[in-house]
Amino acid sequence: MKCFKAYDIRGRMPDELNPDIAYRIGRAYAEVVGAGAVIVGYDVRLDSPALAAAVTRGLNEGGCDVIDIGLCGTEEVYFQTARRGVAGGIMVTASHNPIDYNGMKLVREGARPISGDTGLRDIERAVEANAFGPAAATVGAVVRDHDKSAYIEHLLGYLDRPALRPLKIVVNAGNGGAGAIIDLLAPHLPFEFVRIQHAPDGRFPNGIPNPLLPENRAATVQAVIDSGADLGIAWDGDFDRCFLFDAAGRFIEGYYIVGLLAAQMLEKHPGAKIIHDPRLTWNTIDMVHAAGGVPVESKTGHAFIKERMRAEDAVYGGEMSAHHYFRDFAYCDSGMIPWLLVAEWMCRSGQPLAAMLDERMRAFPCSGEINFRVDDAAATVERVLAFYADQRPELDRVDGISASFGSWRFNLRSSNTEPLLRLNVEARGDEALMREKTAELEALIKQGAR
């Protein structure tokens, strides 16, 4: 079925996903995962409550009780699934997809992801066949529990609250779900929040919240400048990613935040392991070593990162795409914990965000991720490798191809979720070299572009 992807479920409403398919997903989930209570939550999209109701009905008829946590962020489903020790959780969300899309993210006990090789294909086959056993003799119950107090207390537990001082922070929820959490955190923090696009609104009057796209950053940038804020934060719709802006309104690449958070977590957990993805690595590795930690590379993608974190007992994992994972958050990603930690660091150090990051950006300038649509991704990668073969780069095939030339490196990989080839380039202290090699690679790749 078209709505089943590598890691989750996403499709256009109503032809690829609708309440009937959602009901079947609930029935299939109950058969694949087994009986027990399941957390169900949903994002602000207008059709999310109907999908949540349909998947709940399927779960109930499959014999599962449902704990309905209502309008929430994806990380709240993760948190409640792990905290309550239940069988699993389902979040109805399409995150940053277009307005006519919706989807679901599925986890089992302990908030372990259900993805392509851990049960999602089994659920897909059952949904497609629409053939289930008889409804459970005892239909599951629904308990509504929209209390967020345990989640809020957990978030605050990451902070050295006596060390906090007043900061002015622009927060842009993009009319998604993050605003409600800011309002619950605010009474416990000495920060002044400048709220923009704050109210949840599934019509998305200001556009789909996806701050990774440069065209979606202007409102946050302007608010930071106009208000003289110390920090700007913007989230996607289900707020499992947060994006940071410094006091000048400059967007900070997620790559540099990974290193910053790794160093901060290592202060609290000396000698711990840190997981990072292969796309951009040198700054993270340098900061982890300097802080006395152990960097461990993992294939890109939340299922791979979470699995590797558990295997290594890593305290933190970060991807340059602004996904940040924490051991004490059931090894799951959160869009709230990162900005809280960055704000705490600013308070303790007395430095603006730019002060440390400028040094890191000069030491390891990077291109940011550049996407290409090509006719044949594998052939394009081989053509690029052939071009550089006589330079004998050090190659790494953990995820796509990484090639290191000593003073610069690149990673080129096919997207797991879209028909794209993704390029990242970085250098050691030489921005001109990074730009030169980025342009060289772009020209090579575009020879096979659509």
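At 16% relative accessibility, Tyr331 counts as buried. Buried here means under 20% relative accessible area, while exposed means over 50% and partly exposed lies in between (1.4 Å probe, protein chains only). Tyr331 sits in the loop between strand S15 (323–326) and strand S16 (332–333). Its phi is positive, about 60 degrees, although Tyr331 is not a glycine. Helices (H or I, at least four residues) and strands (E, at least two) are DSSP runs, numbered from the N terminus.

A word on the model comes next. This is a predicted model, in which local features need pLDDT of at least 70 and side-chain atom pairs count only at pLDDT 80 or more, while totals for chains, interfaces and linings use all residues. Residues are numbered from 1 along each chain as its sequence is written, and side-chain values use heavy atoms, with hydrogens and water left out.

Ser95 also has a positive phi, about 50 degrees, without being a glycine. Find Ser95 in the loop between strand S4 (88–92) and strand S5 (101–108). Ser95 is buried, with a relative accessible area of 7%. Another backbone feature involves Pro14. A cis peptide bond joins Met13 to Pro14, with omega about -5 degrees. Pro14 belongs to the loop between strand S1 (9–12) and helix H1 (19–33).

Now look inside. The largest nonpolar core has 66 residues. A nonpolar core is a set of buried Ala, Val, Leu, Ile, Met, Phe, Trp, Tyr and Cys residues joined through side-chain atoms within 4.5 Å. Leu189, Phe191, Trp235, Met336 and Trp339 have the most contacts inside this largest core. A second, separate core has 33 residues, including Cys3, Ile21, Ala22 and Leu59.

What does Phe191 contact, leaving aside its neighbours within four places in sequence? Phe191 is in contact with Leu164, Arg165, Leu167, Ile169, Trp339, Ala343 and Cys347. Contact means heavy atoms within 4.5 Å.

Helix H3 (residues 74–84) is largely enclosed by the rest of the structure, because eight of its eleven residues are buried. The buried residues of H3 are Thr74, Glu75, Glu76, Val77, Tyr78, Phe79, Gln80 and Thr81. Just after H3, Gly85 takes a positive phi of about 65 degrees.

Next come two helix pairs. The axes of helix H5 (residues 149–156) and helix H6 (residues 178–185) come within 10 Å and cross at roughly 70 degrees. Axes are lines fitted to C-alpha atoms, for helices over the stretch in contact, and angles run from 0 to 180 degrees between N-to-C directions. H5 and H6 are therefore roughly perpendicular to each other. Angles of 65 to 115 degrees count as roughly perpendicular, under 35 as roughly parallel, over 145 as roughly antiparallel and the rest as oblique. H5 brings Tyr151, Ile152, Leu155 and Leu156 to the contact, and H6 brings Ile181, Leu184 and Leu185. By class, this contact has seven nonpolar, no polar and no charged residues. Ala, Val, Leu, Ile, Met, Phe, Trp, Tyr, Cys and Pro count as nonpolar, Asp, Glu, Lys and Arg as charged, and the others, Gly among them, as polar.

H8 and H11 pack at an angle of about 75 degrees, with their axes 10 Å apart. H8 and H11 are therefore roughly perpendicular to each other. From H8, the contact uses Leu260, Leu261, Gln264, Met265, Glu267 and Lys268. From H11, it uses Pro338, Leu341, Val342, Glu344, Trp345 and Arg348. By class, the contact of H8 with H11 has seven nonpolar, one polar and four charged residues.

Which residues of helix H12 (residues 353–363) are buried? They are Leu353, Ala354, Leu357, Arg360 and Met361. These residues lie on the same side of H12, because they cover an arc of only 130 degrees around the axis. The arc is that of the directions from the helix axis to the C-beta atoms. The buried residues of H12 pack against strand S10 (231–235), strand S11 (242–245), helix H8 (254–268), helix H9 (282–290) and helix H11 (337–349).

Take Met361 in H12. Its relative accessibility is 18%, which counts as buried. Leaving aside neighbours within four places in sequence, Met361 is in contact with Arg250, Ile252 and Tyr256. Met361 and Asn283 are 78 residues apart along the chain, and their C-alpha atoms are separated by 8.5 Å.

End with Val288 in helix H9. Val288 is buried, with a relative accessible area of 0%. Not counting residues up to four places away in sequence, Val288 touches Ala262, Leu266, Ile274, Gly293, Val294 and Pro295. Val288 and Gly41 are 247 residues apart in sequence and 36 Å apart in space, C-alpha to C-alpha.
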